[in-house]
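Thank you all for coming.

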Amino acid sequence: MNAAIYPGSFDPMTLGHLDVIQRASKMFDTLIVSVLDNKAKNALFSVEERVSILKEATKDLPNVEVDSFNGLLIDYARQKDIHISVRGLRAITDFEYELQIAQTNRKLSNGNLDTVFLTTSLEYAYLSSSSVKEIASFHGDISQCVPDFVAELVYDKFKNK
Ligand code: PNS
């Protein structure tokens with residue numbers, strides 16, 4: 001089976017992430033979007049909340065599954081018997097970081113985990129989860145960055161802060 005994992009923090013999922021998910025879902029029989037459960041990162045949304053957002057956003061994509069993982073991506077991929085990781089590239093600034101992760105994963109997995117990069121659609125090239133959170137924290141407009149239901153959840157988080 002032709003399957004891939006799209007790993008990430010997704011804190012929160014943006015329209016840029018969704019664009020990569022939609023495009024990658026057409027390339028693979030199964031796409032597992034998996035949220036990294038990284039206790040070290042001070043996330044706005046819990047892993048469960050991020051998984052639930054991703055599930056809602058991808059409910060019309062039958063070959064997309066949503067999951068979470070902790071530890072190394074190569075170990076998670078081995079458990080799932082998947083050999084491809086998908087990542088989005090927004091700009092040249094992403095490239096160095098992504099290249100390093102991709103090469104590390106390939107080396108650590110003895111060639112069993114390769115990375116496929118999708119260049120982000122131009123309309124989303126400026127987007128990041130961090131900027132969404134910063135804009136929302138100052139009550140700015142994030143309606144062009146995330147789906148409407150996600151915008152509401154993000155604003156709710158800052159209401160309680
Ligand atoms: O959305 P992000 O935060 O850019 O995603 C980064 C992610 C989750 C893909 C990356 O940090 C990751 O795979 N972490 C798991 C730990 C791991 O496997 N590290 C080895 C590569 S250096």
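Predicted model: local features only at pLDDT ≥ 70, side-chain atom pairs only at ≥ 80, totals over all residues.

Of the 13 residues around the ligand, the ones that come nearest are Ser9, Lys41, Leu72, Leu73 and Arg87. In the side chain of Ser9, an N or O atom is 2.5 Å from an oxygen atom of the ligand, while for Leu73 it is a backbone N or O atom that lies 2.8 Å from a ligand oxygen. Arg87 also takes part, with a side-chain N or O atom 2.9 Å from an oxygen atom of the ligand. Taken alone the ligand exposes 560 Å², and the protein buries 75% of that.

The ligand sits in the largest pocket, and the elements giving two or more residues to the shell around it are strand S1 (3-8) and helix H4 (92-108). The largest share, three residues, comes from H4.

Let me turn to the backbone. In the loop between S1 and helix H1 (15-25) we find Pro12, which a cis peptide bond joins to Asp11, with omega at about 0 degrees. Phe10 lies in that loop between S1 and H1 as well, and although Phe10 is not a glycine, it has a positive phi of about 50 degrees.

His139, in the loop between helix H5 (129-137) and helix H6 (148-159), likewise is not a glycine and has a positive phi, of about 60 degrees. Are these two residues, Phe10 and His139, buried or exposed? Phe10 counts as buried because its relative accessibility is 3%, whereas His139, at 68%, counts as exposed.

Note on methods
Residues numbered from 1 in each chain as written. Heavy atoms only, no water. Near = heavy atom within 4 Å. Polar contact = N/O pair within 3.5 Å; in protein donor to acceptor, adjacent residues only side chain to side chain. Areas by Shrake-Rupley, 256 points an atom, 1.4 Å probe, with all protein chains shown as cover. 1 Å grid on protein atoms, 1.4 Å probe; cavity = no way out; pocket = protein on both sides within 12 Å on 5 of 7 lines; lining within 4 Å. Sits in = over half its atoms within 2 Å of the grid points. Helix = DSSP H or I, 4+ residues; strand = E, 2+ residues; numbered from the N terminus. Buried < 20%, exposed > 50% of the residue type's maximum accessible area, 1.4 Å probe, protein only.
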